[in-house]
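These are my notebook entries on a structure that I looked up. I list each item in the order in which I examined it.

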Amino acid sequence: MSAQSRARFAQEARSERPDLVLLCLLLAAEADPELDERAMDWAQIELDRLAGMLPYGLRGGKAWASAVTELLGGRMGFHGTPADYDRLSSSLLHEVLRRRRGLPILLSVVWLEVARRAGAPVYGLGLPGHFVVGFGDPQEGLVVDPFAGGASLGAGPAEQAAEPRTPARTLDIVLRILNNIRAWAAARPEQSGVALWALELSLLLPSHPASLRYERAKLLVERGQFASGAAEMESYAEVVDGIDPPAAARIRGEALSARALLN
């Protein structure tokens with residue numbers, strides 16, 4: 001991803017109303033060098049096309065949930081499978097639109113954006129280990145599971161786990177996608193480059209866990225960038241020092257060890 005694209009990602013993340021689709025496409029460009037402006041335009045047009053296939057004049061969350069599910073989960077065949085967790089493409093929006101397969105959160109992004117474009121009252125809902133989509137007033141609890149083709153969660157345990165029903169914010173969704181990518185890469189040591197760009201994009205978000213700086217420093221050392229990794233550790237130790245001096249001392253020790261590898 002070029003410096004210009006990263007600057008665009010950071011600028012969009014700090015805008016008053018961040019564009020979820022644009023942020024998803026910009027992060028996908030890190031993984032796919034062929035995802036240029038033309039390909040990004042295709043993804044936006046495809047979402048518009050799908051939205052245009054929804055009936056006009058629907059009212060109420062239930063009607064919208066039914067129509068969007070019938071279109072995306074039914075006629076278009078969007079859903080997930082266990083094998084999708086093994087593919088990086090399952091976290092890339094343009095690939096999810098092309099394959100009609102993906103992780104729950106990316107399928108939910110498709111549901112959200114198609115529904116929003118058509119004027120539906122819709123929101124994303126982050127559950128522990130899962131992501132779903134709600135329609136209408138969040139207190140109504142009308143929730144569907146895009147990974148299961150839009151199946152209603154009903155009033156069972158999955159719905160109860162959603163309490164309180166606080167719609168997910170755009171940047172929370174983006175960070176969660178990046179966290180998924182980092183988890184995918186962590187299970188594959190040969191993909192440390194993927195983990196690095198996911199960390200670096202996470203750090204461009206205006207709100208992120210401070211510990212991500214330490215994770216990036218450790219990853220740099222693991223990738224043989226000992227000097228820059230050590231410098232990052234020392235910088236992070238300064239932040240930690242006022243909160244947890246023993247932890248700061250340990251991190252400085254790791255930085256010294258990293259510098260010793262230069263000899």
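**Entry 1: a loop residue**

I located R100 in the loop between α5 (93–99) and α6 (104–117); helices here are DSSP runs (H or I, at least four residues), numbered from the N terminus. The model is predicted, so I note that local features need pLDDT of at least 70, that side-chain atom pairs count only at pLDDT 80 or more, and that totals for chains, interfaces and linings use all residues. Residues are numbered from 1 along each chain as its sequence is written, and side-chain values use heavy atoms, with hydrogens and water left out.

I found phi of R100 near 60 degrees, a positive value in a residue other than glycine. Most residues other than glycine have a negative phi. R100 counts as partly exposed because its relative accessibility is 26%; buried means under 20% relative accessible area, exposed over 50%, and partly exposed in between (1.4 Å probe, protein chains only).

**Entry 2: S89**

I placed S89 in the loop between α4 (61–75) and α5. At 17% relative accessibility, S89 counts as buried. Leaving aside residues up to four places away in sequence, S89 touches E95, V96 and R99, where contact means heavy atoms within 4.5 Å.

**Entry 3: α2 and α3**

I looked up how helix α2 (residues 20–31) meets helix α3 (residues 37–52): their axes come within 11 Å and cross at roughly 145 degrees. Axes are lines fitted to C-alpha atoms, for helices over the stretch in contact, and angles run from 0 to 180 degrees between N-to-C directions. V21, L22, L25, L26 and A29 of α2 make the contact with M40, A43, Q44 and L47 of α3.

**Entry 4: α12**

I checked the span of helix α12 (residues 245–260): at 1.5 Å a residue, its 16 residues should span 22 Å, and the end C-alpha atoms are 23 Å apart, which agrees. The buried residues of α12 are A247, A248, I251, A255 and A258. They cover an arc of only 100 degrees around the axis, which puts them on the same side of α12; the arc is that of the directions from the helix axis to the C-beta atoms. These buried residues pack against α10 (211–222) and α11 (226–241). The face turned away from the buried side carries the exposed residues P246 and L256.

**Entry 5: aromatic pairs**

I noted 2 aromatic pairs in the structure. Rings of Phe, Tyr and Trp (its six-membered ring) pair if their centres lie within 6.5 Å; planes under 30 degrees apart count as stacked, over 60 as edge-to-face and the rest as tilted. The rings of Y214 and Y236 have centres 5.7 Å apart and planes at 10 degrees, so this pair is stacked. Y214 lies in α10 and Y236 in α11, so the pair ties together parts 22 residues apart in sequence. Both Y214 and Y236 are buried.

Definitions and conventions:
Helices (H or I, at least four residues) and strands (E, at least two) are DSSP runs, numbered from the N terminus. The expected span of a helix is 1.5 Å times one less than its number of residues.
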